[in-house]
Structures are given as structure tokens and as C-alpha cells.
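Please have the sequence and the model open as you read.

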Amino acid sequence: MTHIFVNIATSDLERAKAFYTSLGAGINPLFTDENAACIVWDDNVYFMVLTKEYFSTFTDKQIADPRTQAQVLIALSRDSLEEVDKIVETGLANGGTEPTEPKDYGFMYSRDLEDPDGNGIEFVFMEPQAAEQGPDAYVAEQAKA
């Protein structure tokens with residue numbers, strides 16, 4: 001089994017913990033201290049939110065400022081279009097920002113949310129049939145209907 005741990009930097013660890021728990025994520029206290037918080041999305045997906053100082057101990061490279069530079073785009077799926085809207089609206093009410101308009105491709109719906117540090121997360125719903133068939137086949141089938 002593979003687990004994914006996405007490491008992101010924060011200038012305010014307590015603010016980051018409050019933001020991510022407001023979205024419904026949990027915190028694993030075994031891997032959380034004054035330098036880092038293990039944000040638990042599910043049994044396989046985790047964010048390690050690290051203070052900028054602690055994050056810098058893992059690399060010799062300059063730490064990107066997520067407010068002005070993109071280093072990674074993180075996308076997390078949701079089970080419905082309504083769940084995408086709900087989690088983004090919750091994030092906006094808890095200090096996040098929405099840098100772009102929602103995108104509706106017919107087979108897929110997504111919204112972008114930036115945490116208070118500027119780290120971006122895209123929440124996505126894809127029609128299950130489109131995920132199975134591929135978007136082109138799904139769109140062609142929908143056009144026939």
C-alpha cells in the first residue's frame with residue numbers, strides 16, 4: 001500500500017492546523033509538534049505542514065513563496081460537485097482564498113482554494129463514468145443522449 005505525504009510550509013502552524021481541520025481533515029498527534037503537523041485527509045493521504053524554518057532543514061534549495069510562486073499543484077477528489085462547493089466555501093470562511101473561477105468541463109468540476117499561506121489545493125469531482133471511459137468517450141456519449 002502506498003501513502004502520500006505532501007510537505008508544505010507555513011508561517012503560522014496553529015493557523016494552518018485550524019484551517020485544515022475546518023475542512024474536515026484530522027491531525028495525527030504522534031507526528032505533530034511545535035515544528036510540524038500531520039494533517040490526515042484519509043488513510044492514504046497526508047499533508048505534513050511544516051514551519052518554514054523546519055521545512056528548510058529538509059532541503060538546500062530556496063523555499064518558494066506560495067503566494068507568488070507555484071511549485072506543486074495538489075488536487076484532491078470529492079464524491080460530488082456539492083462536496084467540492086462545500087469544502088471550498090468552508091475554506092473561504094476560515095481564511096482561505098479562491099484564486100480562480102470554478103471550472104466545469106462537463107465531465108469534471110473543480111475549484112481552487114489557497115490556504116492562508118498561499119498553498120494551493122484543487123478540489124475535483126469527476127463523473128464516475130468519465131473516469132472509467134476517459135473524458136473523450138464520456139463527452140461523445142453525452143452528446144448522443
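Four strands form an open sheet in the order S5-S8-S7-S6, with mixed pairing. Its edges are strand S5 (74–77) and strand S6 (103–104), each with a single partner strand, so one side of each has no neighbour in the sheet. Helix H3 (residues 81–93) packs on this sheet and touches S7 and S8, its direction making about 10 degrees with that of S7.

A word on the ground rules: this is a predicted model, in which local features need pLDDT of at least 70 and side-chain atom pairs count only at pLDDT 80 or more, while totals for chains, interfaces and linings use all residues. Residues are numbered from 1 along each chain as its sequence is written, and side-chain values use heavy atoms, with hydrogens and water left out. Helices (H or I, at least four residues) and strands (E, at least two) are DSSP runs, numbered from the N terminus. Two strands pair if DSSP finds at least two bridges between them, and contact means heavy atoms within 4.5 Å. Axes are lines fitted to C-alpha atoms, for helices over the stretch in contact, and angles run from 0 to 180 degrees between N-to-C directions.

A further open sheet of four strands has the order S1-S4-S3-S2, again with mixed pairing. Here strand S1 (4–10) and strand S2 (26–28) are the edge strands, and each pairs on one side only. On average, neighbouring strands of this sheet are turned by 30 degrees against each other, direction ignored. Helix H1 (residues 13–22) lies across S1, S2, S3 and strand S4 (45–51), running at about 160 degrees to S4.

The antiparallel pairs can be set side by side:

| Strand pair | Bridges |
|---|---|
| S7 and S8 (residues 120–126) | seven bridges |
| S2 and S3 (residues 36–40) | three bridges |
| S3 and S4 | five bridges |

Leu113 stands opposite Ile121 in S8. On strand S3, Val40 is the bridge partner of Gly26, Cys38 faces Asn28, and Ile39 stands opposite Phe47 in S4. A hairpin of four residues joins S3 to S4. How much of S3 is covered? Four of its five residues are buried (under 20% relative accessible area, with exposed meaning over 50% and partly exposed in between; 1.4 Å probe, protein chains only).

## A closer look at Glu114

Glu114 belongs to strand S7 (residues 108–114). Glu114 counts as partly exposed because its relative accessibility is 23%. Leaving aside residues up to four places away in sequence, Glu114 touches Phe19, Gly96, Thr97, Pro99, Asn119 and Gly120. Thr90 is 24 residues from Glu114 in sequence, and their C-alpha atoms are 12 Å apart in space.

## The chain as a whole

Altogether the chain has five helices and eight strands, in the pattern β-α-β-β-β-α-β-α-β-β-β-α-α along the sequence. The C-alpha trace spans about 55 × 35 × 30 Å along its principal axes. Of the 145 residues in the chain, 36% are buried. Among contacts with a separation of 6 or more, 50% come from residues 24 or more positions apart.
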